[in-house]
Amino acid sequence: MSLVNKEEPLTLDTFVRGVWRENPVFVTLLGMCPTLAVTNSATNAISMGLATTFVLICSNVLVSMLRKVIPKEVRIAAYIVLIASFVTVVDYAIQAISLEVYEALGAFIQLIVVNCIILGRAEAYASRQTVVNTAVNSIGTGIGFTLALLCLGVVREVLGAGTLFSVRILPDQFQPWVLMLLPAGGFFVLAGWLLLIDFMNVRKERRALEQQGATVHGQ
Amino acid sequence: MSAEAPVQAPVQAVPFLPMIRTLGLVSLICGFAVTFAYQWTKPYVEENQRITTERAVRAVLPGAVTQRAFVLGKDGISPAAADSPAEDVVYVGFDAAGKIVGIAARGASRGYADLVHIMFSYDPACECINALKVTKMNETPGLGDTVLKDPDFKRNFEALDARVNAEGTALANRIVTVKHGTKREAWQIDAISGSTVTSKAIGRGLDQSAQRLVPRMQRHLAELERGGR
Amino acid sequence: MANESLGFIFLNALLINNFVLAMFLGICPFLGVSAKKDTALNMGIATTFVMFVSSMCAFGLNWLLVKLGIEFLRLISYIVVIASAVQLVEMIIKKYSPALFRALGIYLPLITTNCAVLGIAVFQTAKNYDLAQSAVYSVGAGAGFTLALMLMAGLREKLALADVPSVARGAGMTLMLAGLLSLAFMGFAGLGGGGD
């Protein structure tokens with residue numbers, strides 16, 4: 001009924017994995033739509049990150065709690081309904097907390113439902129692991145996602161408006177690069193980050209290879 | 001969820017009852033969560049909306065001490081409720097003495113990216129629009145959002161002619177946005193060059209709303225003035 | 001407020017506010033499927049069909065929800081309808097064109113998580129479009145999605161033979177291309193006279 005039962009122990013790696021090594025945006029390239037759309041200001045980036053993290057944790061924990069009960073055939077449908085419910089809850093919660101944030105994020109709150117990260121985690125992890133493991137992993141993944149959004153949001157807001165969290169930090173003479181606030185800017189900044197991370201990975205690999213070569217050739 | 005390749009071994013009959021039971025359980029949990037969230041947040045959401053509306057009205061009616069919302073139908077006025085048709089709601093501002101200061105109303109029209117929402121105020125004494133505020137817009141930063149800051153554009157709305165025609169059915173002259181620098185008449189809006197689409201959206205939204213509501217405001221002015229008492 | 005002409009709605013969804021390049025919807029398949037022109041075209045057509053079916057169902061569903069006063073179930077019902085529509089399209093394609101079915105492979109069920117499909121349903125509700133406007137909107141958005149996909153596929157096919165630095169290959173280059181395309185599409189602003 002449930003999938004391969006390879007429950008793993010709870011380690012620090014369960015948490016850190018989601019933040020860095022398997023960062024949902026930069027490594028697995030999931031959840032691109034909100035990453036590009038709502039990062040034109042750092043405040044929006046954090047709000048979206050937190051909202052998604054909330055849905056991620058709640059829905060995955062519930063999936064994990066019900067993993068032995070949900071038959072394989074209807075699992076995707078069940079996951080989707082669970083995720084959609086929590087997104088609706090978040091939608092109303094944000095409306096109640098701050099109408100400004102709600103209007104800034106717009107339709108993308110409802111689009112959290114189709115954020116591949118959440119469904120992907122539910123399918124790959126929550127449906128096989130214990131509740132505690134799932135909770136920890138979800139928190140890690142959520143933080144990783146929020147960090148990725150922040151990376152973009154900070155760059156785009158500082159360069160595009162000269163402010164950070166609506167506080168002016170660059171001098172008034174700085175002519176903002178409006179391009180950063182446009183859709184094109186989102187694409188460019190994300191591409192920039194991916195290039196940077198790829199470059200660092202390549203350098204790390206090359207260094208590891210050189211070290212290996214040195215230990216082989218040297219004595 | 002999808003059977004792509006032909007199955008080799010005969011498929012085991014899928015147990016019906018566990019599926020129904022699980023889906024039922026999931027639906028129950030979800031239904032409960034959603035309904036609970038909706039009911040619990042409803043008062044907060046309505047409060048937030050009320051505060052935002054009040055702030056917008058105060059921005060276009062600075063002299064108003066109190067404001068009341070009415071539904072301005074074709075035949076008369078009635079107090080506004082949560083389910084009143086949004087396009088007929090007007091907000092009347094009264095000063096400390098209970099005298100009418102102005103009547104505010106909303107408008108919206110499509111700009112470049114999405115609808116541009118405005119709140120404007122009509123002054124019955126001068127029969128003109130004397131303030132306008134953009135309440136919500138999603139226009140291109142740096143281009144479309146100059147309508148918020150440009151002082152020349154704001155000056156358009158200090159005494160925008162909104163006289164009603166002789167029959168009292170519509171405005172005497174259509175409010176229209178004209179190319180930057182070509183404004184000749186009191187009912188024209190001088191666009192910002194470089195933001196033509198957004199300027200036109202504001203003009204259109206204002207015209208549509210004013211054509212609809214200002215004649216009614218004039219017709220029921222006495223009732224609106226009395227609304228404060 | 002929903003008095004835009006049908007032609008304008010179509011043009012708007014196709015070019016001016018292109019779903020992928022201006023509204024950031026459907027990026028995942030955009031990055032994943034745009035390597036070859038044929039796959040891109042097939043994915044685009046399948047997605048357009050799903051968008052149209054979902055849009056019509058969502059319109060009917062919304063009318064029902066409003067009548068019963070249970071709008072807070074809107075999101076859940078929309079996504080269930082979309083998942084079902086994808087299943088339906090899968091079955092139809094499998095029956096009438098097994099070759100196409102095999103060509104699309106895993107991408108077909110992935111249309112369920114395509115933000116663009118849910119985006120259509122959510123936007124048409126927010127803009128209060130009537131039936132005809134919703135239909136044109138969904139077809140226009142699908143066409144815009146296909147257009148963006150085809151453009152990107154054409155560019156990437158050509159670039160596959162060029163000397164691209166290894167760090168940039170893959171997602172990095174695709175995103176930069178997308179950025180340039182997005183800038184180019186901004187030139188369509190004001191096309192069609194801005195509606196009503």
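Colleague: What covers the buried residues of H4(C)?

Modeller: The cover includes H4 of chain A and helix H1 (16-60) of chain B, together with H3, helix H5 (98-104), helix H6 (107-110) and H7 of chain C. This is a predicted model, in which local features need pLDDT of at least 70 and side-chain atom pairs count only at pLDDT 80 or more, while totals for chains, interfaces and linings use all residues. Residues are numbered from 1 along each chain as its sequence is written, and chains are lettered from A and ligands numbered from 1 in the order in which they are written.

Colleague: Which residues of H4(C) are buried?

Modeller: A residue is buried if 20 or more other C-beta atoms lie within 10 Å of its own, exposed if 12 or fewer, and partly exposed in between, with C-beta atoms placed from the backbone. In an α-helix, with 3.6 residues a turn, residues three or four places apart point the same way. The buried set in H4(C) is Arg74(C), Leu75(C), Ile76(C), Tyr78(C), Ile79(C), Val81(C), Ile82(C), Ala83(C), Ala85(C), Val86(C), Glu90(C) and Ile93(C).

Colleague: What span does H4(C) have?

Modeller: Helices (H or I, at least four residues) and strands (E, at least two) are DSSP runs numbered from the N terminus. The expected span of a helix is 1.5 Å times one less than its number of residues. H4(C), residues 74-96, has 23 residues and reaches 33 Å from its first C-alpha to its last, close to the 33 Å expected. In chain A, H7(A) (residues 131-161) has 31 residues and reaches 43 Å, close to an expected 45 Å. Just after H7(A), Gly162(A) takes a positive phi of about 75 degrees.

Colleague: At what angle do H3(C) and H7(C) cross?

Modeller: Two packed helices are described by the angle between their axes and the distance between the axes. Axes here are lines fitted to C-alpha atoms, for helices over the stretch in contact, and angles run from 0 to 180 degrees between N-to-C directions. H3(C) (residues 37-68) and H7(C) (residues 115-126) cross at roughly 35 degrees, and their axes come within 9 Å. Val50(C), Met51(C), Ser54(C), Ser55(C), Ala58(C), Phe59(C) and Asn62(C) of H3(C) meet Ala116(C), Val117(C), Ile120(C), Ala121(C), Gln124(C) and Thr125(C) of H7(C). That contact divides into 8 nonpolar, 5 polar and no charged residues. Ala, Val, Leu, Ile, Met, Phe, Trp, Tyr, Cys and Pro count as nonpolar, Asp, Glu, Lys and Arg as charged, and the others, Gly among them, as polar.

Colleague: At what angle do H3(A) and H4(A) pack?

Modeller: H3(A) (residues 42-65) and H4(A) pack at about 145 degrees, with their axes 9 Å apart. The crossing is right-handed. Among the H3(A) residues in this packing are Phe54(A), Cys58(A) and Leu62(A), and H4(A) residues there include Tyr79(A), Phe86(A) and Ile94(A). By class, the contact has 13 nonpolar, 1 polar and no charged residues.

Colleague: What is the strand order of the sheet in chain B?

Modeller: Strands of a sheet pair through backbone hydrogen bonds, either parallel or antiparallel. Two strands count as paired if DSSP finds at least two bridges between them. Chain B has an open sheet of 7 strands in the order E2-E1-E3-E4-E5-E6-E7, with antiparallel pairing. E2 and E7 (160-161) stand at the edges with a single partner strand each, so one side of each is left without a neighbour in the sheet. H1(B) packs on the sheet, touching E1, E3, E4, E5 (115-123) and E6 (128-136), and its direction makes about 145 degrees with that of E6(B). H3(B) (residues 196-219) also packs on the sheet, at about 130 degrees to the direction of E4(B).

Colleague: How many bridges join E1(B) to E2(B)?

Modeller: E1(B) and E2(B) (residues 77-79) are joined by 3 bridges and run antiparallel, and a hairpin of 4 residues links them. Phe70(B) stands opposite Pro79(B) there. E1(B) (residues 66-72) also pairs with E3(B) (residues 89-94) over 6 bridges, where Thr66(B) has Phe94(B) as its partner. E3(B) and E4(B) (residues 100-110) pair over 5 bridges, with Phe94(B) opposite Ile100(B).

Colleague: How many residues of chain A are in contact with chain C?

Modeller: Two residues are in contact if their C-beta atoms, placed from the backbone, lie within 7 Å. By that rule, 31 residues of chain A touch 31 of chain C. H8(A) gives the most to this side of chain A, with 12 residues. The classes there are 26 nonpolar, 4 polar and 1 charged.

Note on methods: Left-handed = near helix turned anticlockwise from the far one by under 90°.
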